[in-house]
Each structure stands twice: as structure tokens, then as C-alpha cells.
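The sequence and structure come first.

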Amino acid sequence: MHPLVRFQQECTAFFQALSPEGQCPLVFGDGLSENPVLMLIGEAPGEQETLQGKPFVGKAGKNLTAFLEAVGLEREQLYVSNVVKIRPTKQSASGGTVNRPPNAEEKALFTPWLMREIAIVRPCALVTLGNVALQAFIQDTVGHLHGQWSRAVIAPPEAQAFTLPLFALYHPASVIYNRSLTEVYQNDLTILRDSLRARSPEKSDI
């Protein structure tokens with residue numbers, strides 16, 4: 001059995017036991033599962049991801065396509081996932097179900113599983129989208145760390161910790177809501193593209 005399959009089975013069993021009344025469907029990572037160039041990490045799946053059982057589809061898939069075009073990669077070269085594996089929701093004023101940011105409990109429950117997932121996939125580098133993804137590794141803000149390489153400590157439960165290069169980006173949704181970030185986000189993508197071409201993530205000094 002592939003380690004990722006075992007990981008998914010164990011994660012599913014854990015959350016089913018935690019919420020036997022019926023947990024939202026879990027949405028696991030997708031893509032190149034052994035040493036991808038990048039592991040792209042969002043905050044949580046949305047409606048379409050939950051319906052299709054894959055991360056970065058629907059609106060998020062369009063954002064991913066634009067990201068890939070900007071940095072010159074194919075989806076097959078990446079592994080994509082989220083910090084939280086369930087869709088966090090709330091009721092809108094009109095009574096519908098809408099997305100919300102993951103809360104502290106959800107982040108605390110899922111972050112150790114994310115660490116295990118990264119340890120299995122072993123990407124060359126991480127790219128985080130937004131503060132939720134960044135703060136799973138570094139207690140800082142995207143406003144401070146965007147557009148530059150940092151080092152992330154990967155600390156899977158009951159395994160040896162290691163570090164990986166991490167590049168922080170604003171969440172694409174924040175760019176939609178705040179158009180003043182458009183140029184910043186595009187500049188950050190250019191920096192990421194150029195550093196990947198220079199194979200910077202494999203250097204020990206980033």
C-alpha cells in the first residue's frame with residue numbers, strides 16, 4: 001500500500017471517530033506524490049472541491065491555472081493540498097451555506113496531518129497561499145513574508161523534523177477583494193518563477 005493511501009485511510013478513520021454523527025467529506029491532496037518541484041498549500045476546500053473530492057478545482061482551479069502559467073509549470077509537476085481537509089462553512093444572511101475561514105480548532109486538528117502528508121510527499125519546496133497556510137509553519141504574516149523564501153520546519157508527529165524552503169504568496173481570493181494587491185501578487189509570481197528557473201529551492205541558503 002502506498003504511504004499516501006495509508007495516510008488517507010488513517011486520517012479518515014481519525015475524523016470519523018471524532019465525529020461519528022457525520023463528518024463533512026475529507027478532501028485530500030492531489031498531484032505528483034513523490035518529490036514534486038512544489039507543494040502548493042491552500043487553507044481549505046470549497047464547495048466544488050468537496051463535491052469533486054479534489055483540491056484546487058472550480059474557482060480555485062482557475063486560480064491554479066493562472067499560477068501555473070505565471071511560473072511556467074504544469075499541474076503534473078506539483079502536489080496540491082490544503083491545511084484543513086474539510087470545507088468550513090457558515091450560514092449566510094439569506095440562509096444559504098457559504099465558505100468561512102478555518103477556525104483555531106480546525107487548524108489545530110489538521111496541521112499534524114498536513115505535516116505527515118508533507119513528510120510522505122517530500123516536495124522540493126512549499127508555496128503557501130494566504131495566512132492560514134503560512135501560519136501552519138511560520139508565525140508571521142503574508143504581508144511581511146510575501147515574495148521571498150523562508151525556511152519552514154516540518155514536524156510530523158512521531159517522526160524526525162526537517163526543513164524545507166517556503167515561498168509565501170497572498171491568497172488569490174484576497175487579490176480579487178483587494179485590487180491594490182494585484183501588482184504585488186504578480187511581482188511575487190515573477191520572483192518565484194525566476195528563482196525556480198535558477199533552481200533556488202534546492203539551495204541551502206534560501
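Helices are taken as DSSP runs of H or I with at least four residues, and are numbered from the N terminus. The model described here is predicted.

**Pockets**

In the second largest pocket, helix 3, helix 7 and helix 8 (182-197) each contribute two or more, that is at least two, lining residues. Helix 3 gives the largest share of that lining, with five residues. The second largest pocket has 13 lining residues, and N63, P172, V175, Y185 and Q186 lie nearest its centre.

The largest pocket is lined by 30 residues, of which K59, A60, N99, H171 and A173 are the closest to its centre. At least two lining residues come from each of strand 2 (38-42), helix 2 (47-52), helix 3 (59-71) and helix 7 (172-177). For the largest pocket, too, helix 3 supplies the largest share of the lining, five residues.

The volumes and the make-up of the two linings are set out below.

| Pocket | Volume | Lining by class |
|---|---|---|
| Largest pocket | about 830 Å³ | 17 nonpolar, eight polar, five charged |
| Second largest pocket | about 190 Å³ | eight nonpolar, three polar, two charged |

Strand 2 is joined to strand 3 (residues 78-82) by five bridges in the parallel sense. Within this pair, L40 has V80 of strand 3 as its bridge partner.

**Helix pairs**

How do helix 1 and helix 4 pack, and at what angle? The axes of helix 1 (residues 3-18) and helix 4 are 10 Å apart, and the angle is about 170 degrees. Angles over 145 degrees count as roughly antiparallel, and helix 1 and helix 4 are therefore roughly antiparallel to each other. From helix 1, the residues P3, L4, F7, E10, C11, F14, F15 and L18 take part in the contact. Their counterparts in helix 4 are L109, F110, W113, R116, E117, I120 and V121. By class, this contact of helix 1 with helix 4 has twelve nonpolar, no polar and three charged residues.

Helix 3 and helix 8 have axes 8 Å apart and pack at an angle of about 55 degrees. Helix 3 and helix 8 are therefore oblique to each other. F67, A70 and V71 of helix 3 make the contact with L189, L192 and R193 of helix 8. The residues of this contact of helix 3 with helix 8 comprise five nonpolar, no polar and one charged.

Methods: Residues are numbered from 1 along each chain as its sequence is written. This is a predicted model: local features need pLDDT of at least 70, side-chain atom pairs count only at pLDDT 80 or more; totals for chains, interfaces and linings use all residues. Side-chain values use heavy atoms; hydrogens and water are left out. On a 1 Å grid over the protein atoms alone, a cavity is a set of points where a 1.4 Å probe fits but cannot get out, and a pocket is an open set with protein on both sides within 12 Å along at least five of seven lines; lining residues have an atom within 4 Å of a point. Grid points are joined across faces, edges and corners, and a volume is the space filled by probe spheres set on the points. Ala, Val, Leu, Ile, Met, Phe, Trp, Tyr, Cys and Pro count as nonpolar, Asp, Glu, Lys and Arg as charged, and the others, Gly among them, as polar. Two strands pair if DSSP finds at least two bridges between them. Axes are lines fitted to C-alpha atoms, for helices over the stretch in contact, and angles run from 0 to 180 degrees between N-to-C directions. Angles under 35 degrees count as roughly parallel, over 145 as roughly antiparallel, 65 to 115 as roughly perpendicular and the rest as oblique. Contact means heavy atoms within 4.5 Å.
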